[in-house]
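Biologist: I would like to learn how to read a structure feature by feature. Could you take me through one?

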Amino acid sequence: MTDTSKQDRVLIFDTTLRDGEQSPGATMSHDEKMQIAELLDEMGVDIIEAGFPIASEGDFEAVSDIAKLAKTSTICGLSRANFKDIDRAWEAVKHAKSPRIHTFIGTSPLHRDITKLTQDEMAERIHETVTHARNLCDNVQWSPMDATRTEHDYLCRVVEIAIKAGATTINIPDTVGYTAPRESADLIRMLLEKVPGADEIVFATHCHNDLGMATANALAAVEAGARQIECTINGLGERAGNTALEEVVMALRVRNDIMPYQTGIDTTKIMKASRLVSTVSGFPVQYNKAIVGKNAFAHESGIHQDGVLKNAETFEIMKPEDIGLTATNLVMGKHSGRAALRSKLSELGYELADNQLQDVFVRFKALADRKKEVYDDDLVALLRDTASEAENERIQVKFLRVICGTEAPQSADLILSIDGEEKRVTSTGDGPVDAAFNAVKELFPHNARLQLYQVHAVTEGTDAQATVSVRMEEDGRIVTGQSSDTDTVVASAKAYVNALNRLLVRRTKTDPDADVKQVGYKDAG
Ligand code: KIV
Ligand code: ZN
């Protein structure tokens, strides 16, 4: 048997709350960020990139509160290459047991054109900013953004400058998801060979998934000597996303024979993290997504089922329990009591306080009355809806009845409670959902634009709950609302109202530097 204790450790740097949250529509509330950070800390993530503190008051507060909350993870705040950003990042992370400042600048020719800095001017800026960060914090990460499209000589030069100025981790981002495994490995190898002092710091790999190679590129970088992988839960992130945490962690575990590296991740929490991030971001997990997709452990064909029943290893290279998927999807029904619900939720990884359990129990009973069997995924959807109502939503759906049929238009009779006052209207539309949305708009006029409307069946069967996601945009602010119900139109109206409530919260927040996020890394220099 292999002695894994002697294997090299690969640090897991999770950026779900920073790079992941940057995905248009994936904006998370303060409480949701806290929940995710708590779980990442619990599951053994080494470094949590909690946000971009200069981007807004909200980001600053979230990073600062996560810094206070984390028990073991290092908490990192992102900053561009200027003193104001770096000071703000330090203010936010300084309360952490283990704080880190991450500062970056785009080093490729394309980025140097944007910042209008010559190679020498940029080199000087890197020296000054890393030195400044290091004077504040002894744990500093530096990233040459777009490293994979930066001239090799220049990359070696600036990495050396950053190391000399005190950077303790050098991250090599493949910002546009352009590299391929061999090139990703060669780049790390070249830096380790050519840059003086490279063996004294940790090299990190940060891959985007535009060509679907983020996981392979990250693992190739590790084989070449990188010892930190930057990743997100479910691969969330801008465009095609980032390396998925669950993929690299499970790959290193399952193929430890050929990739002998250890991580500190408690893999049994992977499923819980995946569900939470999907719920909070409103980005559903693709059914056939590696590790956490609904079908990842489903064996449909007769041959497969037969094989798995005789010996699970025939077609399964890992066990569902390894990622926290309970082996039995024990069904709950209307006769299940509070104790059974508590135990089921705990099995799914949710420990609720008595009052929270009571709220979920009431909803569970109502659902069980309408639906014969309540599955794990139904319970997770219930938990989400209970949590969003606990956010004291200003607008609430009190009553909805739609009339539909083959003859247009369809109509919706709706009562909303708005700041405690009930209002009623009947509206028509092209289909029941359109009619319901028009009714919401009549009762609560607004200029937000609907960017996305998505329906997913939570489980199988005609009595399945539908989870609806609605993404809306108003003056550059993008929010996602979600809700589940056995009635798709009710779920749609509630998801729409949930998105409006989130917009109301965003409207009241002062967002002095909101443009930083919206235009990507404007002024990344
Ligand atoms: O993709 C990227 O280059 C980044 C940097 C800020 C590290 O996310
Ligand atoms: Zn990135």
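Predicted model: local features only at pLDDT ≥ 70, side-chain atom pairs only at ≥ 80, totals over all residues.

Biologist: What order do the strands of the open sheet of three strands have, and is the pairing parallel or antiparallel?

Modeller: Residues are numbered from 1 along each chain as its sequence is written, chains are lettered from A and ligands numbered from 1 in the order in which they are written, and side-chain values use heavy atoms, with hydrogens and water left out. Helices (H or I, at least four residues) and strands (E, at least two) are DSSP runs, numbered from the N terminus, and two strands pair if DSSP finds at least two bridges between them. Here the order is β14-β15-β16, with antiparallel pairing. The edges are β14 (449-457) and β16 (477-485); each has a single partner strand, so one side of each is left without a neighbour in the sheet.

Biologist: How many bridges join β14 to β15?

Modeller: Eight bridges join β14 to strand β15 (residues 466-474), and valine 455 stands opposite valine 468 in β15. The twist from one strand to the next averages 15 degrees; axes are lines fitted to C-alpha atoms, for helices over the stretch in contact, and angles run from 0 to 180 degrees between N-to-C directions. Helix α17 (residues 488-508) lies across β14, β15 and β16, at about 145 degrees to β16.

Biologist: Is glutamine 454 buried, partly exposed or exposed?

Modeller: The cut-offs are these: buried means under 20% relative accessible area, exposed over 50%, and partly exposed in between, with a 1.4 Å probe and protein chains only. Glutamine 454, found in strand β14, is partly exposed at 26%. Contact means heavy atoms within 4.5 Å; leaving aside neighbours within four places in sequence, glutamine 454 is in contact with Pro284, Thr467, Val468 and Ser469. Glycine 282, 172 residues away in sequence, has its C-alpha 9.6 Å from that of glutamine 454.

Biologist: Which residues of β12 are buried on the two sides?

Modeller: In a regular strand, side chains alternate between the two faces of the sheet. On one side of β12 the buried residues are Gln410, Ala412, Leu414, Leu416 and Ile418, and on the other Ser411, Asp413, Ile415 and Ser417. Nine of the nine residues of β12 (residues 410-418) are buried, so this strand is largely enclosed by the rest of the structure.

Biologist: What does β12 form with β11, and what with β13?

Modeller: A hairpin in each case: six residues lie between β11 and β12, and two between β12 and β13, where aspartate 419 in the turn has a positive phi of about 50 degrees. Strand β11 (residues 395-403) is joined to β12 by eight bridges in the antiparallel sense, with phenylalanine 399 opposite isoleucine 415. β12 and strand β13 (residues 421-429) pair over nine bridges, also antiparallel, and threonine 428 is the bridge partner of serine 411.

Biologist: Where does the closed barrel of eight strands run?

Modeller: The barrel runs β2-β3-β4-β5-β6-β7-β8-β9, with parallel pairing. Neighbouring strands of this sheet are turned by 25 degrees against each other on average, direction ignored. Helix α6 (residues 119-136) packs on the sheet, touching β5 (99-106) and β6 (140-145), and its direction makes about 170 degrees with that of β5. Further along, six bridges join β7 (residues 169-174) to β8 (residues 202-207), and proline 173 stands opposite histidine 206 in β8.
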